[in-house]
Amino acid sequence: MIKPDVSSVYTGCIARSLSGHDAGRFYVVLGGADRTGWVYVSDGKHHMVSEPKLKNAKHLFIGCCDSELLFRIKEGSCTDSKLRERLNLCPGWSNPSAAGENAESSIKIEFPMKG
């Protein structure tokens, strides 16, 4: 059985890195890559929209999806400042170690439907 690549389904979602030197950092998924299971992510600060980071989707905790960001990404009008504005709503996004255990429990997680 062939598994479909669902990495592009996560476009516009807020994600938190689970591993690597950026563990705990929040990103916005900009889209799926050519390789199955990989996505492009950006935080508008360290990884700009024009030069997103390539990240394995299994190393990300995918959280809520933002319809406004999804619309902006698809039409090509998403900016670094818009990403930072949205990510500012995530507790501890700029300093992952400051988020602590309590901050994580306050995030409402909504998973996209897999088709």
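Visitor: Buried or exposed: which is Cys64?
Guide: This is a predicted model, where local features need pLDDT of at least 70, side-chain atom pairs count only at pLDDT 80 or more, and totals for chains, interfaces and linings use all residues. Residues are numbered from 1 along each chain as its sequence is written, and side-chain values use heavy atoms, leaving out hydrogens and water. Buried means under 20% relative accessible area, exposed over 50%, and partly exposed in between (1.4 Å probe, protein chains only). Cys64 has 16% relative accessibility, so Cys64 counts as buried.

Visitor: Which residue does a disulfide join to Cys13?
Guide: A disulfide is a pair of cysteine sulfur atoms within 2.5 Å, and a search of the whole structure finds one. With S to S at 1.9 Å, the partner of Cys13 is Cys65.

Visitor: How many residues apart in sequence are the parts that Cys13 and Cys65 tie together?
Guide: Strands are DSSP runs of E, at least two residues, and helices are runs of H or I, at least four, numbered from the N terminus. Cys13 lies in strand S1 and Cys65 in strand S5 (residues 60–65), so the separation in sequence is 52 residues.

Visitor: What is the handedness of the disulfide of Cys13 and Cys65?
Guide: Cys13 is buried at 0% relative accessible area, while Cys65 is partly exposed at 34%. The torsion about their S-S bond is about 45 degrees, so the disulfide is right-handed.

Visitor: Which residues is Asp22 in contact with, leaving aside neighbours within four places in sequence?
Guide: Asp22 sits in the loop between strand S1 (13–17) and strand S2 (26–32). Contact means heavy atoms within 4.5 Å. The residues are Ser17, Tyr27, Lys53 and Lys55.
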